[in-house]
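Try each task before you read its solution.

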Amino acid sequence: YYMKKGLKQPWMGMLFAVLISVTFGFAFNSVQSNTICAAAEHAFGFNHAILGGVLTILTLVIIFGGIRRIARVSSVIVPVMALGYIGLALVIVVLNIRHLPDVIALIVSHAFGWEQALAGGVGMALMQGIKRGLFSNEAGMGSAPNAAATAHVSHPVKQGLIQTLAVFTDTLLICTCTAFIILFSGAPLDGSANGVQLTQQALTNEIGASGSIFVAVALFFFAFSSILGNYYYGEANIRFITQRKWVLHAYRILVGGMVLFGSLATLDMVWSLADVAMALMAICNLVAILFLGKYAIRLLNDYRTQKKAGIQSPVFKKETMPDIEKDLECW
């Protein structure tokens, strides 16, 4: 929408709508189903094919009819699970607080040490961090506006600040908690366990078998609600592209197929697909940001001016930006 209206480039908006539909509906959902199956296999010994089939059926049933009911349930369960995970991570950090300086030193030395620099390890560490960070917080990809644009706020900067807080919380809080859990636990980093199974092994070392079960259960709610959210992003953009119902139905079936594919594919395969799709999305969106960033700066200045004037809740009026006033349909 902002590419079509802001840049006056409808083709770019259409291209981005296709990219986000493919990235979230297909690539990201295959990662989520792969993660659910890997966690369930480690905790309960479930077969990937059987669980993948169940996930596929659940996904298709919900996206063809009952997504709002699941959304209400997820809105209660997911925050509880998230707080539980953060609380568990903080307990582990407190119990191992004497090792915290050593763990931080280990992270810094392995990321920026001379040995790693000479071996090209710094570049690899940064690249891996950027890819996984991008998947985790989606900053700069252009996906967050699909959710943020539904918020009702008096000034767009308010929602912008909320979005930046989300990036901080996700990356610097939750991801760091996971890193500390793994490094405190002494879980093997030799590649024998990857992805979510490494976190499960770490929690098992710290608190016993219940740790692996907790991660599997929590991840089911996190990842399955993400599958539904990813589908919603895709559906919204499919509707932007076309109003033909058969296209949407075909998209739903393909989403279900990718959930099944992800449950059967290897970890490297699904992440490779996600990395390529994310990169294409980010490139397209960053080009738009480059040209539209000046409006964001003007909005931020307007917000700060009102705050300095003592206005507790700044209000945006489109008349303050007369050059684009006619294009601001929501204000």
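**Exercise 1. Find the partner of Lys 5 and describe the salt bridge between them.**

Step 1. Lys 5 pairs with Glu 329, and their closest N and O atoms are 3.1 Å apart. A salt bridge here is a side-chain nitrogen of Lys or Arg within 4 Å of a carboxyl oxygen of Asp or Glu.

Step 2. Now place the two ends. Lys 5 sits in helix H1 (residues 2–6) and Glu 329 in the segment after helix H12 (267–308), so this pair ties together parts that are 324 residues apart in sequence. Helices are DSSP runs of H or I with at least four residues, numbered from the N terminus.

Step 3. Check the surroundings. Lys 5 counts as partly exposed at 27% relative accessibility, while Glu 329 is exposed at 54%. Buried means under 20% relative accessible area, exposed over 50%, and partly exposed in between (1.4 Å probe, protein chains only).

Before going on, a word on the ground rules: this is a predicted model, in which local features need pLDDT of at least 70 and side-chain atom pairs count only at pLDDT 80 or more, whereas totals for chains, interfaces and linings use all residues. Residues are numbered from 1 along each chain as its sequence is written, and side-chain values use heavy atoms, leaving out hydrogens and water.

**Exercise 2. How many salt bridges does the structure hold, and which parts does the one between Arg 252 and Glu 235 tie together?**

Step 1. The total is six.

Step 2. Between Arg 252 and Glu 235, the closest N and O atoms are 3.6 Å apart. Arg 252 belongs to helix H11 (residues 245–264) and Glu 235 to helix H10 (residues 209–241), so the bridge ties together parts 17 residues apart in sequence.

Step 3. Both ends are covered: Arg 252 is buried at 10% relative accessibility, and Glu 235 is buried at 14%.

Step 4. Compare Arg 298 and Asp 323, whose side chains meet in a salt bridge of 3.0 Å, N to O. Arg 298 lies in helix H12 and Asp 323 in the segment after H12, so here the linked parts are 25 residues apart in sequence. Arg 298 is partly exposed at 33%, and Asp 323 is partly exposed at 42%.

Step 5. Finally, salt bridges with shared partners join Glu 235, Arg 239 and Arg 252 into one network.

**Exercise 3. Which residues have the most contacts inside the largest nonpolar core?**

Step 1. Begin with the term: a nonpolar core is a set of buried Ala, Val, Leu, Ile, Met, Phe, Trp, Tyr and Cys residues joined through side-chain atoms within 4.5 Å.

Step 2. The largest one has 33 residues, and Met 3, Phe 24, Phe 28, Met 141 and Met 281 have the most contacts inside it.

Step 3. Helix H2 (10–44), helix H6 (121–137) and H12 each supply at least two residues of this core. H12 gives the most, with 13 residues.

Step 4. Look around Phe 24: leaving aside neighbours within four places in sequence, its contacts (heavy atoms within 4.5 Å) include Met 141, Tyr 233 and Met 281.

Step 5. A second, separate core has 23 residues, among them Ile 92 and Cys 177.

**Exercise 4. Is Gln 159 buried or exposed?**

Step 1. Locate Gln 159 in helix H8 (residues 156–185).

Step 2. Gln 159 counts as buried, at 17% relative accessibility.

Step 3. Not counting residues up to four places away in sequence, Gln 159 touches Ala 148, Ala 151 and Val 153.
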